Amino acid sequence: MKKCLFVLVFWFSALSGFAQIKFFQRHEIPSTLSEPIYEIMRIPGGLVSFRTFQAKSFSAERVFQFYKTDFNLKSGGLNEVAIKSGYDMIGYDTDQENLYILLSRGFNSGADKYILQIDLQSNQGIEFPADNLLPLDLIEFLVLDSKAVFMGNAEGRPVLQILNLENKSLHTVQGIYGNNTQVLQIRKMAELQALEVVVNRRGQYKSRETSILTFDMMGNLLREVKVDQFGEQGQEIMDGVLLADQNFQQVMIGSFGLMARNSYQGMYVLEINEFGEYEFKLYTLEDFPNFYNYMSEKRKAKQDAAVLNDLEKGKIPNIRYTYVVRDVWETEDSFVVYFDQLNILTSRGGGRGAISANNAYRYDRINRLGYVPYYMDPFVSPNMPLQSFSLYTEYQYQSAHFVKVAKTGQVLWDNAASYRDFSTNYPEPFGEMAVVGEDLFHLYTVNDQIRASFFRNGEKVFENMTFDLVLPDENGRVKSTDSGSLRLVHWYDRYFLLSGKQTVRYLNAQNMEEIKEVFFMDKILVDGDLYQPEESRD
């Protein structure tokens with residue numbers, strides 16, 4: 001009787017816990033918990049994972065390890081290329097079928113550097129010198145058509161340099177270096193052999209001005225769009241995502257508000273035509289009736305009444321916490337936009353205003369699958385300013401917000417999900433959105449679990465459901481997970497990719513239990529059609 005009861009309990013828990021998320025396929029490679037983690041990037045045939053590694057022995061040489069996996073996580077095996085002694089990876093990028101690794105001898109700004117190019121078809125490596133670079137606190141490294149792009153800070157000012165790997169010419173891009181200036185985003189334009197750079201400058205009267213600059217790969221300025229007339233008096237662009245352009249027609253979407261007060265007011269959509277002329281649409285809480293859907297009904301009613309009261313007084317209602325855009329999914333006739341609302345606290349005290357999200361550089365999280373290079377990870381990067389280690393920052397996530405807006409301007413729907421006051425000291429975005437037809441999935445990890453929310457046609461179907469990490473193979477089970485190593489990213493369609501380090505129990509060929517430490521990648525399928533509300537299962 002007890003056995004039958006256990007089976008029934010397990011069946012019901014599996015029905016509620018695993019029906020919407022299936023651990024579909026898995027790839028493992030031996031790796032101890034103390035070894036460096038593998039970075040991951042997209043390539044045309046799937047993924048490439050890589051790291052620098054040195055075995056724990058006096059005679060071991062430092063090597064660059066990499067392996068490729070297809071869309072079913074099948075791999076041809078691990079490859080190794082020798083690298084110079086004393087050098088470590090500080091940046092990386094892909095261009096077509098090539099992987100480029102920036103290696104540095106030490107982590108100070110003037111350290112010797114070189115570039116390793118890996119042909120992912122032949123698995124052979126070629127070295128290129130990276131000499132005569134300005135001493136930079138590196139922020140970004142990109143490669144396009146055998147041109148390496150270095151972006152960083154020199155004496156507190158941004159610098160952008162382009163190194164031709166073939167003829168070794170070096171160009172310093174003009175119009176970037178300056179006081180009170182930040183580079184917010186760099187986007188490669190492979191079809192035009194050019195770079196788009198989003199720059200934010202603070203003017204004489206503390207007003208912020210956003211410019212979108214287009215350069216060729218020799219550093220020549222092709223076009224500048226200066227957004228110097230935005231919104232009403234005092235309103236400014238707080239952050240934004242520049243989308244892929246078509247025939248020099250560009251779209252940038254993000255949050256806006258009153259920078260002088262660090263007060264967020266809503267979302268903007270900025271459209272730029274081929275002549276560099278722009279127009280914008282602004283959306284406030286008046287346009288988002290479901291903004292407070294992450295709250296209880298009582299709290300939501302109270303906040304909705306406060307918004308209505310502000311509107312009746314002719315005031316634009318403020319968003320309480322930092323409101324930062326995370327992702328934009330573009331369809332033929334609309335945009336689906338994902339924002340996070342979070343409170344940022346530091347050990348120096350104060351909330352939200354202590355550290356602003358609007359000056360952060362926006363990485364290419366699509367091709368890097370949510371990872372950021374070593375040089376921006378304060379937990380492992382030795383080149384961060386020393387004082388940053390004494391400043392503890394906590395990110396208190398309140399809610400995730402989703403808006404579908406037609407390209408003609410109408411808000412088609414909006415909704416929100418709670419983070420249950422989740423807090424972390426990890427500085428990079430970690431929530432992931434997938435849009436498949438009229439379905440929207442939002443996933444993130446907390447410790448060694450996945451939390452998921454699901455929306456269909458803008459209606460919330462379920463919110464913050466919790467799923468344990470399991471193995472697709474019934475022959476093993478997870479003994480422990482290094483939660484700090486976990487990365488969950490949207491891969492394609494309904495599939496997410498979860499990676500990290502685990503200790504796994506399994507049965508060997510002699511049917512004896514053994515334990516192994518691995519770096520793993522799990523392909524996860526999400527399917528909202530399998531969701532069954534509790535009442536339908538009774």
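Predicted model: local features only at pLDDT ≥ 70, side-chain atom pairs only at ≥ 80, totals over all residues.
Start with the second largest pocket, which holds about 1,200 Å³ of space. Its lining is made up of 40 residues. To find the middle of this pocket in the structure, look for Arg187, Asp364, Arg365, Ile366 and Asn367, the lining residues that lie nearest its centre. Sorted by class, the lining of the second largest pocket comprises 21 nonpolar residues, 12 charged residues and seven polar residues.

At least two lining residues come from each of β2 (39-43), β6 (88-95), β10 (137-144), β14 (181-189), β19 (241-242), β23 (322-330), β27 (432-436) and β31 (476-492). Of these, β23 gives the most, with five residues.

Besides supplying at least two residues to the pocket lining, β31 belongs to an open sheet of four strands. Read across, the order of this sheet is β1-β33-β32-β31, and the pairing is antiparallel. The edge strands are β31 and β1 (21-30), each of which pairs on one side only. Neighbouring strands of the sheet are turned against each other by 25 degrees on average, with direction ignored.

How values were computed. Residues numbered from 1 in each chain as written. Heavy atoms only, no water. 1 Å grid on protein atoms, 1.4 Å probe; cavity = no way out; pocket = protein on both sides within 12 Å on 5 of 7 lines; lining within 4 Å. Points joined across faces, edges and corners; volume = space filled by probe spheres on them. Nonpolar A, V, L, I, M, F, W, Y, C, P; charged D, E, K, R; others polar. Pairing = 2+ DSSP bridges. Axes fitted to C-alpha atoms, helices over the stretch in contact; angles between N-to-C directions.
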